[in-house]
Amino acid sequence: MRSKIAKKILDTTPKDVEIFVRLYGDLVARIHEVLKAKGISQKSLAEGMNKKPSEISKWLNGEHNFTLRSIAKLEAELGEKLIQVPKQKTFDIVSSGQFTMTVHSSYKRPAFTEFKKVSVQPNTLPTKIA
Amino acid sequence: MNSFELEIWDNEASLCTFYTVRDEGAALNETDKFFEKHHAIEEYEEPTSMLLNFLLKTIGEDHGAQEYFFNRHENEVKGLPFQGKISLHDFCYYFPRFPLRLYAVRLRENIVILFNGGIKDGATNQTSRLHPQWIAACQYAQRIDQALIQKEIYIDEQSWEIKNSDQSNTIIL
């Protein structure tokens, strides 16, 4: 079940608002993962960026959202990608006869999990764009 | 405080079950009151949508109820959304100067209880319009915590649900 009021608001939420919120959630989660995995503290992060912790705070002013520049600086210091822009590629699966697919998943509510076997027909494959 | 029902608010999200509370005889539960009221005010329509998407999409579908999303400590409850600065590194993350607060208790990565909230228009909860909702949320949270400690209710880890120890369906506290 889902609250009817929640459903109504979700249905009328502009798509860009949803994307914005989810992207930020992804970014926060990613930064936490990297900091935790690398054991990086605020102090060492600030030192690595040649800034005092208070300067970093001032730099982002505590009142602004992330900018591409601040994300780039964080990526450079952490040595890890924080966001990824997809590079679109077209594969000629027909001539090679095989392809590799990577499936990313997270732990989901078991009751709703269902796997289906799918087959791919050659005539439904995307064609290269000249 | 009067008795209230602890009821499921959302179990369609794949990573988390959300509960809410409903006062005895009330037409709406506390969380629906919050969203209905603030979404109807033009100034708060977008923040309300953002907060709802944060709950049902970011927590519910993308990441679960991670502790770092519950870092705004307000006595017995947490204020949502999470605060802009995280003590680990002082970077501004999100929701700076966010005008709304919704109070919640995180029981597990997959179980969250939501209460009511309001407009944060003062430096503290005591000086904001949401003060009564915050006090009420703390009282609900205390009663739920007490019920868990005294084993009136328990958390079913398999179904991600809160259940009565006597197996009756409706949880009245």
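Two strands are taken to pair if DSSP finds at least two bridges between them, and helices (H or I, at least four residues) and strands (E, at least two) are DSSP runs numbered from the N terminus. The structure described here is a predicted model, in which local features need pLDDT of at least 70 and side-chain atom pairs count only at pLDDT 80 or more, while totals for chains, interfaces and linings use all residues. Residues are numbered from 1 along each chain as its sequence is written, and chains are lettered from A and ligands numbered from 1 in the order in which they are written.

In β6(B), B:Val112 is the bridge partner of B:Phe18. Strand β6 covers residues 111-119 of chain B and runs parallel to β2(B), with 3 bridges joining the two. Strand β1 (residues 4-10) of chain B also pairs with β2(B), here in the antiparallel sense and over 6 bridges. Within this pairing, B:Thr20 in β2(B) stands opposite B:Glu7. The two strands β1(B) and β2(B) form a hairpin, with 6 residues between them.

A residue is buried if 20 or more other C-beta atoms, placed from the backbone, lie within 10 Å of its own. Because 5 of its 7 residues are buried, β2(B) is largely enclosed by the rest of the structure.

Chain A, in turn, has 6 helices and 0 strands. Of its 130 residues, 12% count as buried. Contacts join residues whose C-beta atoms, placed from the backbone, lie within 7 Å; among those in chain A between residues at least 6 apart in sequence, 55% join residues at least 24 apart.

Technical notes:
Two residues are in contact if their C-beta atoms, placed from the backbone, lie within 7 Å.
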